[in-house]
Amino acid sequence: MKNILLELVENDKISIESLARISKSNDIEVKNYLDDKYEINQDNLQAISFLNQFGVFIEEGFKVDADSRIKAIIEVMMLDYKLSLEQISLLINTDIKIVEEILYSPHNLSAESKYEVAIKLYFLFYIMK
């Protein structure tokens, strides 16, 4: 996991400063984490945990196709936030049939329709986090 982050930093895909901000940490803690010069304690536990997960998500997350990713967001909203498909469609101002198509047969929708719904879903998901 740490190797993934090291490679991203070394290849200028992300900076230590960015990782610090994303993990709600600081540059020194992130640098120590990457250099294996850290001790886990109550103050840095959350940041260390996040950095471990972030590396895996970056490496594996982009291997998932876009249709599956959109479907997963709908499923999280339904399971974790207890929203029905109807409520999701009302919140994003989209016909429920389109939301159902994304869940059950996304190949039937045009790329434009999926893109429009994805943008709305990602924004809704972002503000719910």
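Q: What handedness does the crossing of α5 and α7 have?
A: α5 passes α7 in a left-handed crossing, that is, the near helix is turned anticlockwise from the far one by less than a right angle. This is a predicted model, where local features need pLDDT of at least 70, side-chain atom pairs count only at pLDDT 80 or more, and totals for chains, interfaces and linings use all residues. Residues are numbered from 1 along each chain as its sequence is written, and side-chain values use heavy atoms, with hydrogens and water left out.

Q: Which residues meet between α5 and α7?
A: From α5, Ile70, Lys71, Ile74, Glu75 and Met78; from α7, Val99, Ile102 and Leu103. Contact means heavy atoms within 4.5 Å.

Q: Lysine 114 next. Buried or exposed?
A: Lysine 114 is buried, at a relative accessible area of 16% (buried is under 20%, exposed over 50%, partly exposed in between, with a 1.4 Å probe and protein chains only).

Q: Which side chain does lysine 114 have a polar contact with?
A: That of aspartate 67, at 3.2 Å. A polar contact is a pair of N or O atoms within 3.5 Å; within protein, one must be able to donate a hydrogen and the other to accept it, and residues adjacent in sequence count only if both atoms are side-chain atoms.

Q: Where is lysine 24?
A: Lysine 24 lies in the loop between α2 (16-22) and α3 (27-34). Its phi is positive, near 55°, and lysine 24 is exposed at 75% relative accessibility.

Terms used. Helix = DSSP H or I, 4+ residues; strand = E, 2+ residues; numbered from the N terminus.
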